[in-house]
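User: Hello! I am new to this structure and would like to learn how to read it. Could you walk me through it step by step?

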Amino acid sequence: MKGIATHWRLIPQRYNLVGTECSNCGMKFFPPRDICPKCRRSGDIGEFRFSGEGTVYSYTVIHTPPEGFEFQKPYVLGIIELSEGPRLLSQIVDCKLGDVKIGSRVEQVFRKVVADGSAGIIRYGYKFKLKDPK
Amino acid sequence: MTSRVAIIGTGITEFGELWDESFRSLITKAGTEAINDSRLEGDEIEALYVGSMSPGLFSGQEHVSSLVADHAGLKGVPATRVEAACSSGALALREAYLSIKSGEMDYVIAGGVEKMTDIPSNSATVALMGAGDQEWEAFKGATFPGLYALMATRHMYEYGTTLEQISQVSVKSHENAALNPKAQFRFKVSLEDVMNSTPVADPLRLLHCSPITDGAAAVVLASEEKAREICDNPIWINASSCSTDTIALHDREYVSRTDAATRAAGKAYRRAGIKPQDVDFAEVHDCFSIAEIMAIESLGFCKLGEGGRFTEEGETSLSGSIPINTSGGLKGKGHPVGATGIAQAVEAVAQLRGEAGKRQVEKAKIGLTHNVGGSGGTCVIHILSGDLK
Amino acid sequence: MAGIVGYGVYLPRYRLKAGEIARVWGMDGDRVSKSLLIDEKTVPSLDEDTATISVEAARNAVEHAQIDAKDIGAIYVGSESHPYVVKPTATIVAAAIDAVEDLTAADYEFACKAGTAAIQTCMGLVDSQMIKYGLAIGADTSQGRPGDALEYTASAGGAAYIIGRRDTIAEILDTYSYTTDTPDFWRREGMDFPSHGARFTGRPAYFKHVISAAKGVMERNDKKPRDFDYVVFHQPNGKFPLNAAKTLGFSKEQLETGLLISNIGNTYSGATPLGLAAILDEAVEGDLILAVSYGSGAGSDAFIIEVTERIGDKRNQKTVAEYVNRKEYIDYSLYVKYKGKIKGVALQK
């Protein structure tokens, strides 16, 4: 079964938005970075937990999904700008397709992302939902 | 090293869904045509660079550098496979250029090839997502049309670009492709056709997206000394530049512009000693129509945010002030991923030699090729010209 | 004395009306609704399952309890629809609320009472001072056999309880269980849908256990029905809890706050925990609650719960009513798609 260890290593990120921050310049990173792009070797990287709150920076509706996501179409894919700064990519769920706009407030939820067939592991992770649905 | 590098021969296969062609037959055809065009015997070639994004995922085949050298009749020649997603071709060209520029070699061949149709298109989409971030984009259900759609949404939001303007790019691409005997789609489409085509990733529809294509292209490069000896009409590479950016779209400062392209363009213009307005035509990376709009902004052909309007006003058509993608672009001629960067150079050479037939740009003296990897993680730019008088 | 430090609930967004199910199977929707006292039920999305529901409820519970999840010493998730047959839901919850690594965890199964069994276990661990806090979850995305009477009610949802000794919003004064070996409703390994004994599920099963457990806990605490402000029973349909209340001498008024079935269906292991949460959402200091779950196989866990003065300061921001009112209707075809009842349709490569 491919990728079990990869997913396991990323559980703190995928479940709990655990990233890093550089205490030298204050920049925060999600996904976590080992090297601060600004401070490079003079950076001081430590763990930082994001709140899961953010706004929609951009979005699209996927009509031609990749393998594993076929039955969810059409689904909203958005670039979420976390309130602490960094951006990430995520599905936006529990809403009607037209409800998502640039600037909409969102919050993190815990969902199934995809499973490895019917016998493999289930990969859970973050998705986002609108904070103020209609 | 001050001596220049020239392209002395080109070759390109038909682009399309080529059931009868294999990875090997495609690159061999293109390479042979390029060597014939250069009037070399073949033994003179000192190195081979081949750009191919994913022969492993498309055909289960790695180690293609040696495979290609062998099948091209160049067994024994040092061979390197270059990979930078969809900019593999131009990066292979750059590596070939640098090996001559360094003074190390006189004759090098650079090719690009992708055989994409031996796996179902669902799987091809997964293979192409390898150009994106596996853990933070692919895992979340992203596709390349989806990533470019995210860029389009932002561009429309920040600059008021309209879907009509984005669609106009496809209309123009097809107009040009209809004149290109090697193109995958040799027919025109109307604005309505484009805007009403099947939704792929809002706002992008089927006719905003380049297709899945098989194809190969190759160019033979020579040092200035050798080029002047054997070639009547050498086409000079005046600049070769490359810049990288984050591979994940969401990690970029701006999602509505391609900073790697802007940086690479700046370096190339400085190196060639020219300004954007000196360029007579360009082959740019229109994997999705919105990409061409962002490209012409990055390349300085129009102001940031004006790409839509510029296209709408016809400035990028064959008869416009700066014809873009006379070949039909990736949308019209097809996008065999690793081959595209080399195919762009082949079109540029044809234009500069005056051999572009119905697609010929009048008084084409300086051309530019712009090849992008993924959603903008890599950009490779070349500036070419004939002997400038 | 162990008590409830905080709680959290979760219901999926989608709803399927009883009338829509009736339409598919050629039955009279109104008649079915009236006989089962059910209007609509919750349906999980294709990307939801018992683990995701448990995590959402658990996150809400931790937030409400205002504790550090690292102080949770045990997590038990009770369900009859765990995503894995082997690999616990409880550890997924543990990682998702960042309670790892110093804790014990396991999954429970006892049909619809697996969640309350988890509460009892946490009470024991807390009272014996083996742990500071325990997290007990009852959650399900229960399987409804197509065309069967239970399809009208088998729904999805869950509730999580943080059990501890300090800063409780409600004390659990006593718990008493009545347990026998009664094959009223079961599911063999590998089977998609449970089977049941039709009318056998009534008096020898639900009623015998619920009534015995309720009587048992009241008698040994010298309490009568009129002493309670609220009562909640397991709710496989709308009629059974009404009949149980009547038989025991409780009024409709005592029952109604915790009776959620007509709007959300039977959330199986989530049912009694969710009913209790709805009561806690409005209860005030001094209120006395009787909660009696029922799990086929069979058994009932009864609890006498007294609300403390702290409830006023720590009202739950994410109420049951909020989740009940957050809804979008779907039709039967989307329902079978989301519930994986169409062969080959699943969220997988």
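Predicted model: local features only at pLDDT ≥ 70, side-chain atom pairs only at ≥ 80, totals over all residues.

Analyst: Gladly. Chain C holds 12 helices and 14 strands.

User: How compact is chain C for its length?

Analyst: One way to judge is to set the radius of gyration beside what the globule rule gives. Along its principal axes, the C-alpha trace of chain C spans about 55 × 50 × 35 Å.

User: What share of the residues in chain C is buried?

Analyst: A residue is called buried if 20 or more other C-beta atoms lie within 10 Å of its own. In chain C, 56% of the 349 residues are buried.

User: And which share of its contacts joins residues at least 24 apart?

Analyst: Here we look at contacts between residues at least 6 apart in sequence. In chain C, 79% of these join residues at least 24 apart.

User: Let's turn to chain A. How many helices and strands are there?

Analyst: Chain A has two helices and eight strands. To read their order, follow the sequence: the pattern is α-α-β-β-β-β-β-β-β-β. The C-alpha trace of chain A spans about 45 × 40 × 20 Å along its principal axes.

User: How do I read the place where two chains touch?

Analyst: As general background, the size of an interface is often given as the accessible area lost when the parts come together. Here we count residues in contact instead. Between chain A and chain C, 20 residues of chain A are in contact with 21 residues of chain C.

User: Which elements of chain A give two or more residues to that side?

Analyst: They are helix 2 (11-16), strand 7 (105-115) and strand 8 (122-130) of chain A. Strand 7 of chain A gives the most, with six residues. By class, the side of chain A that touches chain C has 10 nonpolar, five polar and five charged residues.

User: How many residues of chain B are in contact with chain A?

Analyst: There are 26 residues of chain B in contact with 24 residues of chain A. On the chain B side, helix 5 (121-128), helix 6 (144-159) and strand 5 (199-201) each supply at least two residues. Helix 6 of chain B has the largest share, seven residues. By class, this side of chain B divides into 14 nonpolar, seven polar and five charged residues.

User: What domains does the assignment give for chain B?

Analyst: The assignment gives domain 1 (5-120 + 212-235) and domain 2 (131-211 + 238-385). Taken over C-alpha atoms, the centres of the two domains are separated by 22 Å.

User: How do these domains meet?

Analyst: Domain 1 of chain B brings 37 residues to the contact, and domain 2 of chain B brings 37 residues. Elements that each supply at least two residues on the domain 1 side include strand 1 (5-12) and helix 4 (88-101) of chain B. Helix 4 of chain B gives the most to that side, with eight residues. The residues of the domain 1 side divide into 21 nonpolar, 12 polar and four charged.

Definitions and conventions:
Residues numbered from 1 in each chain as written. Chains lettered and ligands numbered in written order. Helix = DSSP H or I, 4+ residues; strand = E, 2+ residues; numbered from the N terminus. Contact = placed C-beta atoms within 7 Å. Nonpolar A, V, L, I, M, F, W, Y, C, P; charged D, E, K, R; others polar. Domains from an automatic or database assignment. Rg over C-alpha atoms; globule rule 2.2 N^0.38 Å. Buried ≥ 20, exposed ≤ 12 C-beta atoms within 10 Å, placed from the backbone.
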